[in-house]
Amino acid sequence: MKKIFLILLCISFVSMQAQEQSESDIYSGNHELKVNGLFLVIGAFDVTYEYLLNEESGLGINVFLPYDSDIKDDIQYYISPYYRFYFGKKYAAGFFLEGFGMLNSIEPDLFGNTDDFETDFALGIGLGGKWVTKGGFVGELSLGVGRNLFNTDKTDIDFVSKVGITLGYRF
């Protein structure tokens with residue numbers, strides 16, 4: 001009887017260890033800080049903060065600031081809050097759909113004939129994929145498109161887009 005009890009105790013201990021390890025593999029924090037590597041290469045700083053609400057959703061904000069003069073001629077900035085819904089098996093990872101808003105300041109003329117900028121607000125949708133390592137490093141590919149709502153009669157630009165190849169850390 002003692003041997004059976006000892007064997008059952010060892011098996012339950014091993015199964016508890018396995019459960020703890022698998023949970024820590026898929027979850028390592030609720031905060032993410034990411035930088036868009038694609039925009040760093042072309043001349044803009046694009047940083048994102050995301051707060052993970054649960055295993056399948058998160059809220060975040062994305063800020064885009066160009067530092068290259070060619071990009072500054074077309075866009076001054078954008079600030080984009082978003083909500084994401086994740087479809088992956090890991091905690092807030094895998095394929096996602098995104099709804100976003102975007103406050104943007106853009107050159108109103110496609111050909112850059114003026115030095116004025118128009119500020120507008122867009123609503124849009126996006127999709128992408130997120131991969132998270134056990135150590136908390138995050139890689140992400142995303143694409144989104146939205147439509148400006150207010151100053152479309154003053155500009156040639158009705159649509160906005162978001163593209164990301166981001167790297168970051170979950171903590």
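Trainee: Which residue of E8 stands opposite Leu33?

Mentor: This is a predicted model, in which local features need pLDDT of at least 70, side-chain atom pairs count only at pLDDT 80 or more, and totals for chains, interfaces and linings use all residues. Residues are numbered from 1 along each chain as its sequence is written, and side-chain values use heavy atoms, with hydrogens and water left out. Strands are DSSP runs of E with at least two residues, numbered from the N terminus, and two of them pair if DSSP finds at least two bridges between them. In E8, the residue opposite Leu33 is Tyr169.

Trainee: Over how many bridges do strand E1 and strand E8 pair?

Mentor: Eight strands close into a barrel in the order E1-E2-E3-E4-E5-E6-E7-E8, with antiparallel pairing. For E1 (residues 31-36) and E8 (residues 159-170), the number of bridges is five.

Trainee: Is Ser57 buried or exposed?

Mentor: Ser57 is found in strand E3 (residues 57-66). Leaving aside neighbours within four places in sequence, Ser57 is in contact (heavy atoms within 4.5 Å) with Leu52, Tyr83, Arg84 and Tyr86. Buried means under 20% relative accessible area and exposed over 50%, with partly exposed in between (1.4 Å probe, protein chains only). At 4% relative accessibility, Ser57 is therefore buried.

How values were computed. Helices (H or I, at least four residues) and strands (E, at least two) are DSSP runs, numbered from the N terminus.
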